[in-house]
Amino acid sequence: MQIFNIHFGLKTLSSCAWQKTKNMLETTIAKIQDFAGKEVQLKGWVYNKRESGKIIFLQLRDGSGFIQGVVVKSEVSEKTFENAVKATMESSVVMTGTAREDKRAPSGFEILVFNLELIQVAEDYPITKKEHGPDFLLDHRHLWLRSKRQWAIQRVRNDLILGIYDFLHREGFIKIDAPIFTPNACEGTTTLFEVDYFGNKAYLSQSGQLYLEAAIFAHGKVFDFGPTFRAEKSKTRRHLTEFWMMDAEMAFYDWKDNIDFQEKLIVQLVQRVLRNCQQEMKILERDTKSLEKIKAPFMRLTYVEALEMLRKLGSDIKEGEDFGNDDETMLTQAHEKPIFVSHFPHRIKAFYMSVDETGKYVLCNDLLAPEGYGEIIGGGQRETDLKKLLAMVKKHNLPQKAFEWYLDLRRYGSVTHSGFGLGLERLVAWVCGLPHVRETIPFPRMLERMTP
Ligand code: 4AD
Ligand code: MG
C-alpha cells in the first residue's frame with residue numbers, strides 16, 4: 001500500500017479507486033526514464049533470473065524493453081519473495097517497485113521490487129542459454145520470437161516499414177493495394193504458386209508491379225507493400241517462398257530518375273534506423289560504422305562493367321548469364337556502399353522491361369547491398385510501346401488474354417514510367433547484419449518449412 005500513499009497521499013482506497021490508481025501507475029520499460037525515483041508497475045515476462053543469497057535478480061521484458069528487478073528478502077513480504085523464488089523463465093508477472101537509476105543497466109534503470117505477483121508460472125522453457133541449432137529454433141519460432149535478438153530484429157523491421165511509408169508519403173506517393181490472387185505472371189512462370197480459383201487457375205502474386213502500372217495513370221506516383229510469393233526451389237540464405245515487397249511505380253520517370261530515387265530512399269532508411277534503433281543495433285552487435293558510410297552517391301555499373309569486375313575477382317560468369325548468389329556476394333563484399341547494376345541482357349529479364357538503343361540490354365537496375373548481401377532491389381523502365389510489349393508477351397509464352405488489361409495501359413495515354421521492388425527481408429538482413437533472411441520475418445516460409 002506504500003505506493004499509493006506516496007503518489008496520491010491516500011491512506012485507504014476502495015477497490016474502485018485502487019483499480020484506477022493501479023492503472024495510473026502502470027508504465028512500460030521504454031518509458032521508465034520518466035519515473036526516476038518513483039514507484040511503477042510493470043507487466044511482463046521473466047526472461048532470466050539469478051539468485052545470490054537473499055537477493056533475487058529478475059530480468060523482466062514487457063515488449064517495450066528489458067529491465068532488471070531486484071528482490072531483497074529483507075525488504076519484501078514473504079509472499080513476494082516466495083513468488084520470486086517460484087518465477088521460472090518466461091513466467092508472466094506483475095512487478096511493482098521503485099525505478100532506480102543505474103548507469104550500468106541498458107535501460108539506465110533497475111527496479112527495487114516491493115511486490116511481485118505471478119500471473120502464470122511457466123513450464124520448463126525449451127529455449128535455454130545453451131546453443132540451439134537453427135532447425136530447433138525455427139521449430140520453436142513462436143517462442144523464439146521472444147528472445148532478445150529476435151525482438152531487436154522485429155523492431156528494426158518495424159522501423160524500416162514505418163520509414164518506407166513515411167518517406168513515400170513525403171514524396172507524394174499514394175498507397176495502392178495490389179491483389180494477391182492474380183491471373184498474370186509478373187516475374188516469369190517458373191516460380192508461380194498456382195491455386196484453384198473456383199475451377200480456374202490463379203496465381204499468388206509475385207509482385208504488385210503490373211497493377212501499380214495501371215494506378216500511375218490515376219495517381220502519378222504509387223506504391224504497394226504486401227506479401228509476395230515465389231515457388232523458389234533454391235535453398236539459399238536470400239530466398240523465402242513468401243516475402244514482403246514494396247513496389248513503387250512512377251509516371252514520367254526514366255530509368256535514371258528511378259535509380260536516383262532508390263538511392264535517396266535507401267540512404268534515408270539507413271539513417272533513420274541509425275537514429276531510432278540504437279538499442280536494437282547494440283543487441284544485434286551490428287557494426288554501425290559500416291551503415292554510417294551509406295551516403296549518396298552509390299557506385300553505378302552496367303552489367304558489362306560488373307561482369308568485368310567479377311571476372312577480375314575470380315568469377316567464371318559468362319557474358320549473357322545472370323548473376324548467381326556467389327557473384328553477388330563477391331561483388332558486394334569488396335565494397336562499402338551499395339552498387340547499382342544496370343543494363344542487364346534483354347534475354348534474361350522480365351517481358352515488361354524497356355530495351356536500350358542496342359536492342360541487347362534493358363533499362364533495368366538491381367541494387368546490391370554491401371558486405372556480401374547482394375540484391376535488395378530490382379527495378380527499371382517499362383516498355384511503353386504496345387507493339388514491342390505484345391511481341392514480348394508472345395516471346396515469353398504468356399497468355400495474351402490474361403494480359404489484355406495490361407496492354408490497354410499502352411493504348412490509353414502511355415508515358416515513360418519506371419518503378420522498382422524492394423525486398424523487405426533482404427533489407428532487414430543487411431541492416432541488422434544477419435547471415436540469413438529466415439530471422440527477418442516473424443514466421444518464415446521456405447522450401448522445406450511451413451511451420452509453425
Ligand atoms: O527483382 P524482383 O524479382 O523484381 C520484381 O519483382 C519487380 N516486379 C519489382 C518491381 O519492379 N516493382 O524482386 C524485387 C526484390 C528483389 O530485389 C529482392 O530484394 C526481393 O524482391 N526478392 C526476394 N526476397 C526474398 N525471397 C525471395 N525469394 C525473393 N525474390 C525477390
Ligand atoms: Mg531481381
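**Strands, sheet and ligand**

Guide: Strand β4 (residues 92–101) runs antiparallel to β5, joined to it by 10 bridges. Strands here are DSSP runs of E with at least two residues, helices are H or I runs of at least four, and both are numbered from the N terminus; two strands pair if DSSP finds at least two bridges between them. The model is predicted, so to speak: local features need pLDDT of at least 70, side-chain atom pairs count only at pLDDT 80 or more, and totals for chains, interfaces and linings use all residues. Residues are numbered from 1 along each chain as written, chains are lettered from A and ligands numbered from 1 in written order, and side-chain values use heavy atoms, without hydrogens and water.

Visitor: Which residue in β5 is the bridge partner of Ser92?
Guide: Gln120.

Visitor: And β3 with β5, parallel or antiparallel?
Guide: Parallel, over 3 bridges, with β3 spanning residues 66–72 and β5 residues 109–120. Gly69 stands opposite Ile111 of β5.

Visitor: What is the strand order in the open sheet of 3 strands?
Guide: The order is β7-β9-β8, and the pairing is antiparallel. β7 and β8 are at the edges with a single partner strand each, so each has one side without a neighbour in the sheet.

Visitor: How many bridges does β9 make with β7, and how many with β8?
Guide: β7 (residues 181–182) and β9 (residues 200–204) share 2 bridges, and Phe181 faces Leu204 of β9. β8 (residues 194–197) and β9 share 4 bridges; there Val195 has Ala202 as its bridge partner.

Visitor: Which residue in the β8 and β9 hairpin takes a positive phi?
Guide: Phe198, with phi near 50°; the hairpin has 2 residues between the strands.

Visitor: Which residues form the nonpolar surface patch?
Guide: Phe181, Tyr197 and Phe198, with about 390 Å² of accessible area together. Areas are Shrake-Rupley with a 1.4 Å probe, and for residues only the protein chains shown count as cover. Patch residues have over 30% relative accessible area and no salt bridge, with like charges joined within 9 Å and nonpolar side chains (Val, Leu, Ile, Met, Phe, Trp, Tyr) within 5 Å; a salt bridge is a Lys or Arg side-chain nitrogen within 4 Å of an Asp or Glu carboxyl oxygen. Tyr197 belongs to strand β8 and is partly exposed at 36% relative accessible area.

Visitor: Now the ligand. Which residues come nearest to ligand 1?
Guide: Glu187, Gln209, Arg230, Asp247 and Glu375, out of 24 around ligand 1; near means a heavy atom within 4 Å.

Visitor: Where are the N or O atom pairs?
Guide: One pair is a polar side-chain atom of Glu187 and a nitrogen atom of ligand 1, at 2.6 Å. A polar backbone atom of Gly378 is 3.3 Å from a ligand 1 oxygen atom, and a polar backbone atom of Phe420 is 3.3 Å from a ligand 1 nitrogen atom. On its own, ligand 1 has 630 Å² of accessible area, and the protein covers 94% of that.

Visitor: How many helices and strands are in the protein?
Guide: There are 15 helices and 16 strands. The C-alpha atoms fill a box of roughly 85 × 50 × 40 Å along the principal axes.

Notes: Buried < 20%, exposed > 50% of the residue type's maximum accessible area, 1.4 Å probe, protein only. Polar contact = N/O pair within 3.5 Å; in protein donor to acceptor, adjacent residues only side chain to side chain.
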